[in-house]
Structures are given as structure tokens and as C-alpha cells.
2 protein chains.
Amino acid sequence: MDDGEIMKRFGQQIRRLRLERGLSQEAFAAKCGLHRTYIGPIERGEKNITLATANKLAQALGTKLSTIFLGLEDDN
Amino acid sequence: MDDGEIMKRFGQQIRRLRLERGLSQEAFAAKCGLHRTYIGPIERGEKNITLATANKLAQALGTKLSTIFLGLEDDN
């Protein structure tokens, strides 16, 4: 899977999990300690985020990075 | 797990997998398409790498990001 595909699928997983939890982008950003305008580009796979940011997103969603990656890698 | 701990454990997993495959840092860097001086800091958890770089490392090791994260998150 190429880098752009990883970013796109990661963003899709984040969006799916955020919506499952009934969080707006604004509320989710606040939970993550990130700026609200950052969430949209992440969910669209436009941001090549760092491991530290990915970790903040997973924690704010109450999940693990392994779970997020399993979800996106299984979906081949 | 805080961000620094994620970076440290991710680096340890990369180092373990690289050594299992009998690759020097130089040979591994070449496989990843990264500069050889970048590998040491990644393995020591000193670099907050991006998802795209993490993907390159996993592919050069013939593994998946979910497998790497399962390994480091299980080890609590």
C-alpha cells in the first residue's frame, strides 16, 4: 500500500470512529488537544501526520493504534 | 502511553525486526529509500516520524504497521 493510501485509509478510520462516538470535529479536536481546523484534512488523508499525533487521535477515541491499522490494512 | 513512549517503543520494534532480518542500518536505509543517518535516531525513538515514513519502514521489513503496533502495545 503506498504512503498516500495509508494516509487516506487512516483518515477514513478516524472519521468513522469519531462519528461512532457522536463527536463533532470541534469536540474531537478539543479532546485531542489539536486545532479544530486540523481534523478535516487528517480525515481526508491530506495530512502526513506524525506518530505522536496519531497516538493523540487514538487515545481521544479510546482505541489503540494497532486496532486502527488492523482496520485499514484488512480492508484491501 | 504517552507520545514519547510510543516513539521509543516503535523504534525498538524497528530495530528488533531489522536485526532479525540481518540488515545493517545502511542496508535498511537503502531499502526504505531513507538516508542512512536517519535510522539510528528512529530506532532510539528520537524522531517523531510521519505515517508515510512508518509505512516505508514496515514495507522494507516485509511487515504491516498493525503488526508493529500490536507488538509495542502488548508490551505494557
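**View 1. Order of secondary structure in chain A.** Along its sequence, chain A of this predicted model follows the pattern α-α-α-α-α. The chain contains five helices and zero strands.

**View 2. Dimensions of chain A.** The C-alpha trace of chain A extends over about 30 × 20 × 20 Å along its principal axes.

**View 3. Burial and contacts within chain A.** Of the 76 residues in chain A, 38% are buried; a residue counts as buried if 20 or more other C-beta atoms lie within 10 Å of its own C-beta atom. Among the contacts in chain A with a separation of 6 or more, 60% are made by residues 24 or more positions apart.

**View 4. Contact between chain A and chain B.** Chain A contributes 17 residues to the contact, and chain B contributes 17 residues. On the side of chain B that touches chain A, two or more residues are given by each of these elements of chain B: helix H1 (3-20), helix H4 (51-60) and helix H5 (65-74). H5(B) supplies the largest share of this side, namely five residues.

View 5. Helix H5 (65-74) of chain B is one of the elements represented here, and five residues of the side come from H5(B).

Terms used:
Residues are numbered from 1 along each chain as its sequence is written. Chains are lettered from A and ligands numbered from 1 in the order in which they are written. This is a predicted model: local features need pLDDT of at least 70, side-chain atom pairs count only at pLDDT 80 or more; totals for chains, interfaces and linings use all residues. Helices (H or I, at least four residues) and strands (E, at least two) are DSSP runs, numbered from the N terminus. A residue is buried if 20 or more other C-beta atoms lie within 10 Å of its own, exposed if 12 or fewer, and partly exposed in between; C-beta atoms are placed from the backbone. Two residues are in contact if their C-beta atoms, placed from the backbone, lie within 7 Å.
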